[in-house]
Amino acid sequence: VQLQASGGGLVQPGGSLRLSCAANRRILTFNVVGWYRQAQGKQRELVAEVSRGAGSNYADSVRGRFTISRDNAKNIVYLQMNSLEPEDTAEYYCHARQGYLHYWGQGTLVTVSS
């Protein structure tokens with residue numbers, strides 16, 4: 001399984017970015033797909049995830065600002081990030097779970113700074 005993340009970059013506070021995660025297999029074969037992030041010196045944490053049944057889950061710190069979605073036909077998971085804050089600066093990782101198997105993509109760096 002390959003998960004290709006893209007869309008990171010430098011953005012000013014209050015700005016927006018959209019991350020994409022392209023899978024090389026049907027994303028509906030996974031129980032859950034989503035995004036984690038890891039800031040420098042901190043543990044990796046869940047940002048948002050969406051289940052096969054389309055139920056979503058968000059970290060409290062991003063709820064209302066970030067939206068996770070998926071395009072089942074293209075096998076892509078998106079993370080729309082609005083009202084970005086400096087505290088959102090981190091490496092963002094795409095993640096997928098199938099049963100007890102976990103898959104990770106490479107990170108894409110998001111830097112929020114003026």
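Mentor: The discussion below takes the whole chain and then two of its residues. This is a predicted model, in which local features need pLDDT of at least 70, side-chain atom pairs count only at pLDDT 80 or more, and totals for chains, interfaces and linings use all residues. Residues are numbered from 1 along each chain as its sequence is written, and side-chain values use heavy atoms, with hydrogens and water left out.

Trainee: How many helices and strands does the protein chain have?

Mentor: The protein chain has zero helices and ten strands. Helices (H or I, at least four residues) and strands (E, at least two) are DSSP runs, numbered from the N terminus.

Trainee: What makes the protein chain as compact as a globular protein of that length?

Mentor: The radius of gyration, taken over C-alpha atoms, is set against the globule rule, 2.2 Å times the number of residues to the power 0.38. For 114 residues the rule gives 13 Å, and the radius of gyration of the protein chain is 13 Å, close to that value, so the chain is as compact as a globular protein of that length.

Trainee: Why is I68 called buried?

Mentor: Buried means under 20% relative accessible area, exposed over 50%, and partly exposed in between (1.4 Å probe, protein chains only). I68 has 9% relative accessibility, so this residue counts as buried. Buried residues make up 39% of the 114 residues in the protein chain.

Trainee: Where is I68 placed, and which residues does I68 touch?

Mentor: I68 belongs to strand 7, residues 66-71. Contact means heavy atoms within 4.5 Å. Not counting residues up to four places away in sequence, I68 touches several residues, among them V33, W35, V50, Y58 and L79. The C-alpha atoms of I68 and L79 are 4.6 Å apart, although the two residues are eleven apart in sequence.

Trainee: Why is H102 called partly exposed?

Mentor: The relative accessible area of H102 is 46%, and therefore H102 is partly exposed. This residue lies in strand 10, residues 101-112.

Trainee: How do you know that a polar contact joins the side chains of H102 and H95?

Mentor: A polar contact is a pair of N or O atoms within 3.5 Å; within protein, one must be able to donate a hydrogen and the other to accept it, and residues adjacent in sequence count only if both atoms are side-chain atoms. The side chains of H102 and H95 are joined at 2.9 Å, and the pair is listed as a polar contact. Leaving aside neighbours within four places in sequence, H102 is in contact with H95, A96 and R97.
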